[in-house]
Amino acid sequence: MNEEEQKRLSSVFHAYNVDNSGRIEKNEFTTICQELHVPSQEADVIFNRLNVDKDGTVTLEEFISGFKEQHQEDEDDDTQADDNKSSGGLEIGNYFLQVSRE
């Protein structure tokens, strides 16, 4: 993940951190995912993955770090054959990056 992608994720984080708490609460994250047409069950999985300290919120650091890890996993997957990749996982980081480009 390059610096520009990190800046875009930061911008998205701040845009959806509507109460300016420095944290995205579950309801704010749910709103993001609904706008991006991410199924609610998948949104829950992603939120729980990002919420590293399990305090019910996602900080900017957790947000960016979670997508860095996902980005690295995606790059690692690219070295495998396409038919070995799972087709079930939506990459919400890609959604966020796409939205921030618009």
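C33 counts as buried because its relative accessibility is 1% (buried means under 20% relative accessible area, exposed over 50%, partly exposed in between, with a 1.4 Å probe and protein chains only). C33 sits in helix 2, residues 26–35 (helices are DSSP runs of H or I with at least four residues, strands are runs of E with at least two, and both are numbered from the N terminus). This is a predicted model: local features need pLDDT of at least 70, side-chain atom pairs count only at pLDDT 80 or more, and totals for chains, interfaces and linings use all residues. Residues are numbered from 1 along each chain as its sequence is written, and side-chain values use heavy atoms, leaving out hydrogens and water.

**Helix 2 against helix 3**
- The axes of helix 2 and helix 3 (residues 40–50) come within 10 Å and cross at roughly 130°; axes are lines fitted to C-alpha atoms, for helices over the stretch in contact, and angles run from 0 to 180 degrees between N-to-C directions.
- That angle makes helix 2 oblique to helix 3 (under 35 degrees is roughly parallel, over 145 roughly antiparallel, 65 to 115 roughly perpendicular, and the rest oblique).
- From helix 2, K26, F29 and C33 meet A43, D44, I46, F47 and L50 of helix 3; contact means heavy atoms within 4.5 Å.
- The residues of this contact divide into six nonpolar, no polar and two charged (Ala, Val, Leu, Ile, Met, Phe, Trp, Tyr, Cys and Pro count as nonpolar, Asp, Glu, Lys and Arg as charged, and the others, Gly among them, as polar).
- C33 and D44 are 11 residues apart along the chain, and their C-alpha atoms are separated by 9.5 Å.

**Faces of helix 2**
- E28, F29, I32 and C33 are the buried residues of helix 2.
- They lie on the same side of helix 2, because they cover an arc of only 135° around the axis; the arc is that of the directions from the helix axis to the C-beta atoms.
- An α-helix has 3.6 residues a turn, so residues three or four places apart point the same way.
- N27 and Q34 are exposed on the other side of helix 2.
- H37 follows helix 2 and has a positive phi, near 60°.

**Faces of helix 3**
- Helix 3 has E42, A43, I46, F47 and L50 as its buried residues.
- Their arc around the axis is only 135°, so they share the same side of helix 3.
- Exposed Q41 and V45 are on the face turned away from that buried side.

**After helix 3**
- N51 lies in the loop between helix 3 and strand 2 (57–59).
- N51 is buried, at a relative accessible area of 4%.
- Neighbours within four places in sequence aside, N51 is in contact with G56, T57, V58 and E62.
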